[in-house]
Amino acid sequence: MNPDHRLRTLVLGGYGNFGARIARALAQDPQIALVVGGRDAHRAAAAAAALGAEALGIDALADDLAARLKREGVGLVVHTAGPFQQQDWRVAEAAAAAGAHYIDLADGRRFVCDFAGALDARFRAAGRSAITGASTLPALSTAAVDELTRGWQRIESIHSCIAPAQTAPRGVATLEAVLGYCGAPVRVWQDGRWIEQTGWADPVAVHFARLQPRLGALCDVPDLELLPARHPGVQAVGFRAALELSITQRGLAALAALRRAGLLRRPERLARLLHRAADWLDPFARGGTGAMVLRVQGSDAAGNPARRSWHVTAGNDHGPEIPCMAAILLARRLAHGEALPIGAMPCAGLLTLDDFAPEFARWGMLVDVLDEPPPAGG
């Protein structure tokens, strides 16, 4: 137990792309005793020293992880060491065994969607909270749906898209995870039933409040499964990613077509090559601006056809701050004595757009909510 009563918080992967951002934010909270952890003890020590925090060399795959967490007196584990598409839940299991709360930034569909069924009993028995997907999806996306459709009689469709800046920080591991389903079948809720579409194929134009339209293609994310379950009666749910340069988007579509034709079996093996190619394309980027849009369509409180959209626009390559916000907000709540639900669950409906607003303002991000005309005949 931490003698000074601060919440001893381990950011696992705390020197990585997202972990470093979360660690920086949590280091400023007087109720948090921050520990920067990861397999590379030297990188953890350097990152911790810059923040005035503790460092811990710790391997998430180690058999004694639970014992280490308990011995170190960790009260909260924030797991940022992705990608999560091929991970199991051993870190969360270790947190439960050590009597610690757990938050992660997972975006792997099976990891997030099967999380509660696998771990809820363990965390209930421990009297602790375990939150998965405390990131853009589903934490922020569900907050936007809740706000846009407040009082509505019916939600017919939910479609969202993330448009990262070309120059935003990126990693080989993340690209490898994305390429893992490029050209692979993805289950999508369409016309009130499950169908299969192809990941990263067939890009279409997506419109944003403050960006020029971009081509966006289907990605396999937890929202495709969580939102139909959370909103019974919805007829269609979709998610796309829209890269800044159309040549990159069309290149992924070409890889998807090759895989679908059986000519490219493992596109993820191209991750390092494509990562270098993306660096070569950075000079063609325009200003480090990224955005997210979420659109809903249905019937408003009076039963009239309605279509609304929520947009956030991030300049100066600040877009990667957005996936970190939910974990930061939830960690602060725990540190300041605010209760989170006991058990294991996806981060859906735990935060509101008002909760995110100070974080958007901190980074100079612009938010727009627009009432749009329903499609013809809608």
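Me: In what order do the seven strands of the open sheet run, and is the pairing parallel or antiparallel?

Reply: Strands of a sheet pair through backbone hydrogen bonds, in either a parallel or an antiparallel sense. In this predicted model, the order is S3-S2-S1-S4-S5-S6-S15, and the pairing is parallel. Strands S3 (54–57) and S15 (343–346) each have a single partner strand, so one side of each has no neighbour in the sheet. On average, neighbouring strands are turned by 20° against each other, direction ignored.

Me: Over how many bridges do S1 and S4 pair, and which residue of S4 is the bridge partner of valine 11?

Reply: Strand S1 (residues 7–12) pairs with strand S4 (residues 76–79) over four bridges. The partner of valine 11 is valine 78.

Me: Which strands does helix H4 touch, and which does helix H6 lie across?

Reply: H4 (residues 90–98) packs on the sheet against S1, S4 and S5, with its direction at about 160° to that of S5. H6 (residues 115–126) lies across S5, S6 and S15, and runs at about 150° to S15.

Me: How many residues does the largest nonpolar core have?

Reply: In soluble globular proteins, nonpolar side chains tend to be buried together. Here the largest core has 83 residues, and Ile22 and Trp200 are among those with the most contacts inside it. Helix H12 (residues 322–335) gives the largest share, 11 residues. Contacts of isoleucine 22 beyond four places in sequence include Val11, Val78 and Ile328.

Me: Which residues of helix H11 are buried, and which are exposed on the face turned away?

Reply: Ala271, His275 and Ala278 are buried. They cover an arc of only 60° around the axis, and therefore lie on the same side of H11. These buried residues pack against helix H8 (172–179), while the face turned away carries the exposed Arg272 and Trp280.

Notes:
Residues are numbered from 1 along each chain as its sequence is written. This is a predicted model: local features need pLDDT of at least 70, side-chain atom pairs count only at pLDDT 80 or more; totals for chains, interfaces and linings use all residues. Side-chain values use heavy atoms; hydrogens and water are left out. A nonpolar core is a set of buried Ala, Val, Leu, Ile, Met, Phe, Trp, Tyr and Cys residues joined through side-chain atoms within 4.5 Å. Buried means under 20% relative accessible area, exposed over 50%, partly exposed in between (1.4 Å probe, protein chains only). Helices (H or I, at least four residues) and strands (E, at least two) are DSSP runs, numbered from the N terminus. Contact means heavy atoms within 4.5 Å. The arc is that of the directions from the helix axis to the C-beta atoms. Two strands pair if DSSP finds at least two bridges between them. Axes are lines fitted to C-alpha atoms, for helices over the stretch in contact, and angles run from 0 to 180 degrees between N-to-C directions.
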